[in-house]
Amino acid sequence: MNLSFHQMADPMHQFEVKKLFDLNIAGLDLSFTNASFYMLLGVALIIIFFGLAASRGKLVPSRSQSVAEIGYGFVADMVRGAAGEEGLKFFPFVFTLFFFVFFANMIGMVPYAFTTTSHLIVTAALSLLVISIVIVYGFYKNGLKFLKLFAPAGAPWPIYLLLVPIEIISFFARPVTLALRLFANMLAGHIMLKLFAGFAVQLFGAAFAGAVALSAVGLLAFTMGVALNALELLVAGLQAYVFAILTCVYLNDALHPVH
């Protein structure tokens, strides 16, 4: 088996971070990688899409303007529903976060593209940004009253000995679960897609070589691959929504720490 075929069949090869060009500043490796390129591509596509939609605003909206307005309203309703009217001050942040994750997920569905959200370092950075904003704004707005988040009102005082540690652990587990959920879903989905695609190619190749009986199995693997591709498209959009709605829920705790 030659190297190119091995790379094509290897389900983990698609996640390899590669340097596009070296960049060293004061001994610090700041090389530009394929991960950096696809993150910048996602940001550029978001700016171009919403920029074009906003620049061609009409009373009777075009298709691009309609999609942009639907996206704007969708995120606004999400923030309003999870964090109230006061939460709309975080709308630009949630809007940017939602569409960054959404575009990154969708770009990863393009064959031979790179899925940045399938890397834990990317999802961890996003989740740490979210929890940092929650903590900083929570103390900025509420002062020490923010700590009431860890001590729900109305419980008998002996219960707090158990309840407060559980609430603290639960709070600091949020960035971990937020990062792992997005990372694991995108990683597992792309591995399954690559495996079924690889099975289909190998089985069809064996069928052409004379093992006709394997063609039916190859067709089944191909069908499963198509079905998984459709499912992964759904998951890509759903995970962007889950990441954004949980961000809104956590921001609501910073706005209203009292249970």
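## A salt bridge to start from

The side chains of glutamate 85 and arginine 80 meet in a salt bridge, with 3.0 Å from N to O; the term stands for a side-chain nitrogen of Lys or Arg within 4 Å of a carboxyl oxygen of Asp or Glu. This is a predicted model, in which local features need pLDDT of at least 70 and side-chain atom pairs count only at pLDDT 80 or more, while totals for chains, interfaces and linings use all residues. Residues are numbered from 1 along each chain as its sequence is written, and side-chain values use heavy atoms, with hydrogens and water left out.

Glutamate 85 has a relative accessibility of 53% and so counts as exposed, whereas arginine 80, with a relative accessible area of 31%, is partly exposed. In these terms, buried means under 20% relative accessible area, exposed means over 50%, and partly exposed lies in between, with a 1.4 Å probe and protein chains only.

## The other salt bridges

The structure holds five salt bridges. Another of them joins arginine 174 and aspartate 253, whose side chains meet at 2.7 Å, N to O. This pair links distant parts of the chain, since arginine 174 lies in helix 6 (residues 157-208) and aspartate 253 in helix 7 (residues 214-255), 79 residues apart. Arginine 174 counts as buried at 17% relative accessibility, and aspartate 253 is buried as well, with a relative accessible area of 12%. Elsewhere, salt bridges that share partners join Asp77, Arg80 and Glu85 into one network.

Aspartate 22 forms a salt bridge with lysine 19, and the closest N and O atoms of that pair are 3.6 Å apart. Aspartate 22 itself is exposed, with a relative accessible area of 57%.

## The chain as a whole

The chain has seven helices and four strands, where helices (H or I, at least four residues) and strands (E, at least two) are DSSP runs numbered from the N terminus. From the N terminus on, the elements run α-β-β-β-β-α-α-α-α-α-α. Buried residues make up 38% of the 259 residues in the chain.

A contact means heavy atoms within 4.5 Å, and among the contacts in the chain with a separation of 6 or more, residues 24 or more positions apart account for 68%. The chain exposes about 14,700 Å², of which carbon and sulfur atoms supply 75%; accessible areas come from the Shrake-Rupley method with a 1.4 Å probe, and for residues only the protein chains shown count as cover.

## Helix 5 and its last residue

Helix 5 has 23 residues, which at 1.5 Å a residue should span 33 Å, and its end C-alpha atoms are 32 Å apart, which agrees; the expected span is 1.5 Å times one less than the number of residues. The buried residues of this helix include Val122, Leu126, Val130, Tyr137 and Asn142. Just after helix 5, glycine 143 takes a positive phi of about 65°.

Asparagine 142 is placed in helix 5 (residues 120-142), and it counts as buried at 16% relative accessibility. Not counting residues up to four places away in sequence, asparagine 142 touches Ala254, Leu255 and Pro257. The C-alpha atoms of asparagine 142 and alanine 254 are separated by 8.0 Å, although the two residues are 112 residues apart along the chain. The side chain of asparagine 142 reaches the backbone oxygen of alanine 254 at 2.7 Å.

## Aromatic rings

Rings of Phe, Tyr and Trp (its six-membered ring) pair if their centres lie within 6.5 Å, and planes under 30 degrees apart count as stacked, over 60 as edge-to-face and the rest as tilted. By this rule the count comes to 23 aromatic pairs. In one of them, the rings of phenylalanine 95 and phenylalanine 99 have their centres 4.8 Å apart and their planes at 55°, so the pair is tilted. Both residues lie in helix 4 (residues 91-107), four residues apart, about one turn of the helix. Phenylalanine 95 counts as buried at 15% relative accessibility, and phenylalanine 99 is buried with a relative accessible area of 8%.

The rings of phenylalanine 146 and phenylalanine 150 have their centres 6.5 Å apart and their planes at 75°, so this pair is edge-to-face. Phenylalanine 146 counts as buried at 1% relative accessibility, as does phenylalanine 150 at 11%. Ring pairs also link a cluster whose members include Phe49, Tyr72, Phe95, Phe99 and Tyr241.

Methods: A polar contact is a pair of N or O atoms within 3.5 Å; within protein, one must be able to donate a hydrogen and the other to accept it, and residues adjacent in sequence count only if both atoms are side-chain atoms.
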